Amino acid sequence: MLRRYRRRAAMVAASVLSLTLALTACSSGEEPQKGEDLSAFRVGAMEKYGVGDQFKATESLKFSTMMLSNAAYPFKDDWLFLKELTKRTNITIDPVVIPGSDYNQKRGVLIGAGDAPFIIPKTYHPDENAFIASGAILPVSDYIDLMPNFKDKVARNKLEPELNQFRAADGKFYLLPGLHEKPWQDYTLAMRTDILQQLNLQMPKTWDEVYTTLKAMKTAYPDSYPLSDRFSKPTPGGNLINLVSIAYGTRGGWGYQPMTYDASTKKFVVTGAMPQYKQMLEFLAKLVKEGLLDPESFTQADDAARQKLANGKSFAISTNAQTLVNEYRPDLAKTIPAAKMSKILLPIGPTGEVNPASRLESGIMISKKARDSKNFVAMMQFIDWLWYSDAGQEFAKWGVEGVTYQKDSSGKFKLTPDVNVVGLNPAGTKHMQKDFGFYNGVFVYGGKPEIVQAFFSAEEQEFQKVMNARKPVAVDPPYPLTDEEREQVTLWETPLKDFVFAQSLRFILGQRPMTEWDAYLTELKGKNTQQFVDLVNKAADRYKTAHPS
Amino acid sequence: MIVAEARESVVQHRTGPRRARPTRGYRVFQVVNAVILTGVVVATLYPFVNIVARSFSEEHYLIMGEVNLVPRGFSTAAYKYVTADPMFWTNYRNTVVYTVVSTFIAIVLTTTYAYVLSKKHLRGRGVLIGVAMLTLFFNGGLIPNYVLVSNLGLTNSIWAIALPNAISVFNLLVMKAFFESLPVELEEAAAVDGLSTYGILWRIVLPLSKAVVATMVLFYAVSFWNSWFSAFLYMDQQDLWPVTMYLRNLIAGATGTDMTAGTIAEGDQLQVAATIQSVTIVLTVLPILLVYPFIQRYFVSGVMIGAVKG
């Protein structure tokens with residue numbers, strides 16, 4: 001076993017090395033120019049294609065696509081989605097099927113080996129940065145004129161500032177992200193509402209109220225840890241620290257960024273040294289100290305936290321819409337039938353009512369080789385239609401009228417009675433994702449709230465209604481880095497992150513007293529934070545001078 | 001020391017009735033041995049029994065963490081569910097085919113290579129050993145390997161799994177050492193009686209090497225059965241995957257590699273039940289586990305005892 005691991009490790013190391021070599025070898029490719037002549041690459045493309053048009057290639061075409069096979073709905077080549085897509089657009093998807101468990105690794109190998117399919121979906125920013133220097137992926141920002149729906153959605157929803165964060169040092173972006181009209185904040189805490197009722201408590205609205213609520217629960221049930229949390233792998237306290245950080249105006253847990261923009265000084269500062277970061281730690285340390293937050297929350301596996309909740313040893317836990325419906329409620333129904341569980345509105349803190357979710361999500365990279373295909377324009381139109389047009393998004397999510405959904409008299413969509421998805425039609429014998437291939441994470445990102453929330457329960461739609469009324473969190477100005485800078489930052493970033501995370505946990509768990517905060521700040525300086533923050537500010541200034549808005 | 005003593009006592013025990021009782025030292029050794037080995041057995045068996053118990057339990061007992069060694073709420077529903085998936089059986093068949101073919105190729109190549117290397121009089125033997133040893137320390141790397149295999153046109157075929165892994169240098173060296181320990185007189189005698197080189201290998205050396213060949217079959221078969229990485233790299237179609245990839249996607253994929261910053265794509269949040277995972281583990285492990293008892297008899301007695309007298 002050991003031997004195999006060592007060999008794997010050596011292989012990975014060697015591959016990284018060879019990738020870097022390949023990157024340096026190819027970085028001198030020619031720049032594509034704006035307004036270049038694409039007339040030789042229009043075979044199959046529509047002459048006139050604009051917002052609201054149904055895309056249909058003028059001849060039957062095939063595009064290779066990286067296809068993540070989700071364990072919960074493994075890829076099937078006879079999905080109605082694929083057949084219907086071909087019927088509507090004249091495009092056949094030629095899939096390179098990759099198990100979801102190791103998607104990113106194989107994506108890296110295929111791109112590195114020059115064998116990548118044309119369309120590479122499900123890429124999370126900033127993963128694309130690793131491939132930019134190799135010249136293997138297309139600077140899509142040069143070609144968005146071919147994508148009317150994408151342009152329209154960016155303009156209509158004013159997504160330009162968010163999109164700017166995706167730009168590399170050359171001012172281009174290489175990833176077409178999923179575009180949301182409204183930020184979609186899914187994660188928050190869930191609480192046992194029956195316990196709240198029993199103790200005569202209201203749903204907490206702020207983190208201070210969360211504290212008093214947990215305290216009241218602890219008083220009533222001294223043996224419990226009222227909050228025992230999950231989502232701690234691989235980032236300890238990933239969700240909880242993230243949520244509290246947002247409320248205090250900093251970034252931790254999942255949302256951790258080494259540098260955060262300070263709007264008052266108009267400069268980036270070191271996140272781990274922010275006074276807000278300290279306040280966040282103090283709040284969580286207080287919860288742990290008073291026995292309100294299970295210290296194991298930061299290390300335990302999700303299942304352990306689920307078990308504590310199911311056994312009535314805890315009453316609150318991090319959640320998203322799915323885990324609430326698919327896990328907590330069914331668990332509790334079997335163990336404590338009288339229990340009731342629901343999401344609480346994302347608690348607010350000193351920053352007030354903000355909605356922290358980004359309006360961009362994972363997106364599509366395009367292989368540079370696709371640019372040389374005579375069908376390039378048709379492919380861009382196809383991508384634009386399927387991922388960015390209202391009709392395409394509706395199709396990928398809802399499927400085919402009469403088969404997977406029906407419209408009622410008011411034009412509202414409804415699942416057909418025999419089709420089930422996320423437990424909405426428990427009696428349905430066919431599954432929207434498994435049997436038909438619709439609502440597939442590879443093809444469904446973002447869109448109008450009606451589409452995003454199509455399969456949300458009534459209570460979740462209510463939750464989103466309140467969340468949507470909150471103002472979106474301000475976006476940091478972009479600071480695109482050059483290749484050398486990015487390499488340098490990578491060297492600083494990881495030790496800094498490890499240090500901040502480790503010390504954060506020690507502060508929260510009370511292993512290190514808060515009085516040592518100043519000593520911690522000094523230790524932080526030893527992690528090159530000054531050079532790091534200077535470099536980021538320099539890059540931000542450089543971008544600002546180059547792109548005065 | 002204890003071991004040496006023990007061996008001596010075994011020999012004496014077998015040869016003469018004069019000292020039928022084992023020495024005290026040997027008995028102490030036996031007790032210590034038994035205690036340690038029992039510990040090892042428990043430590044290795046427990047997780048497996050636990051998985052079997054989980055596979056036969058009802059989901060909510062797993063959620064509550066109440067399943068240990070005995071299934072709770074006995075149910076075979078998960079078995080029915082897994083075995084009803086045609087893709088599971090397709091991948092299962094692939095694993096069997098890949099393992100049998102790859103092991104066969106690996107055994108043939110390793111045996112012949114090792115036999116050649118064991119001959120001290122072979123010219124260029126140092127180079128041949130060096131070539132093998134080099135791959136033990138240096139490696140082309142993931143992407144060059146991929147480029148090589150795909151340019152040879154091996155992707156999406158069994159050869160992408162069988163050929164690059166056909167010779168494990170570790171196994172090669174074990175076999176070479178074994179062949180070197182064979183008494184050279186046997187082969188000389190065979191040569192005098194008129195056997196060719198291949199005849200000697202086939203009729204004399206291999207029959208005497210059942211123990212090492214059995215070991216190698218086991219090593220190779222287990223490693224091919226368990227491997228998923230080559231298939232993951234070189235297979236782009238689901239119906240070519242081995243069952244280990246099916247399993248890996250089920251377990252690792254379900255916990256989600258996409259958990260970045262809380263942005264999970266909407267369609268991806270389905271969970272695979274813990275019982276389903278357990279059932280798949282049991283069904284995947286079982287066949288290779290059953291191979292052990294059949295091969296074990298070759299390990300029990302040394303084939304070489306009494307082959308050369310005088």
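This briefing describes the domains and the confidence of chain B.

This is a predicted model, in which local features need pLDDT of at least 70, side-chain atom pairs count only at pLDDT 80 or more, and totals for chains, interfaces and linings use all residues. Residues are numbered from 1 along each chain as its sequence is written, while chains are lettered from A and ligands numbered from 1 in the order in which they are written. The model scores ipTM 0.74 and pTM 0.80.

**Domains of chain B**

- Chain B is assigned domain 1 (2-75) and domain 2 (80-300), with bounds that come from an automatic or database domain assignment.
- Seven residues of domain 1 of chain B are in contact with seven residues of domain 2 of chain B; a contact requires C-beta atoms, placed from the backbone, to lie within 7 Å.
- On the side of domain 1 of chain B that touches domain 2 of chain B, helix H2 (24-55) and helix H3 (59-63) of chain B each give two or more residues.
- Helices are DSSP runs (H or I, at least four residues), numbered from the N terminus.
- H2(B) supplies the largest share of that side, four residues.

**Confidence in chain B**

- The mean pLDDT (the predictor's confidence in each residue, from 0 to 100) of chain B is 82, and 83% of the residues score at least 70.
- Within chain B, confidence is highest in helix H5 (residues 86-117), at a mean of 94, and lowest in helix H1 (residues 2-15), at 45.
- Over residues 255-270 of chain B, pLDDT stays under 50, and the model has 36 contacts beyond four places in sequence for them.
- Where pLDDT is low, the predicted coordinates should not be read in detail.

Technical notes
Contact = placed C-beta atoms within 7 Å.
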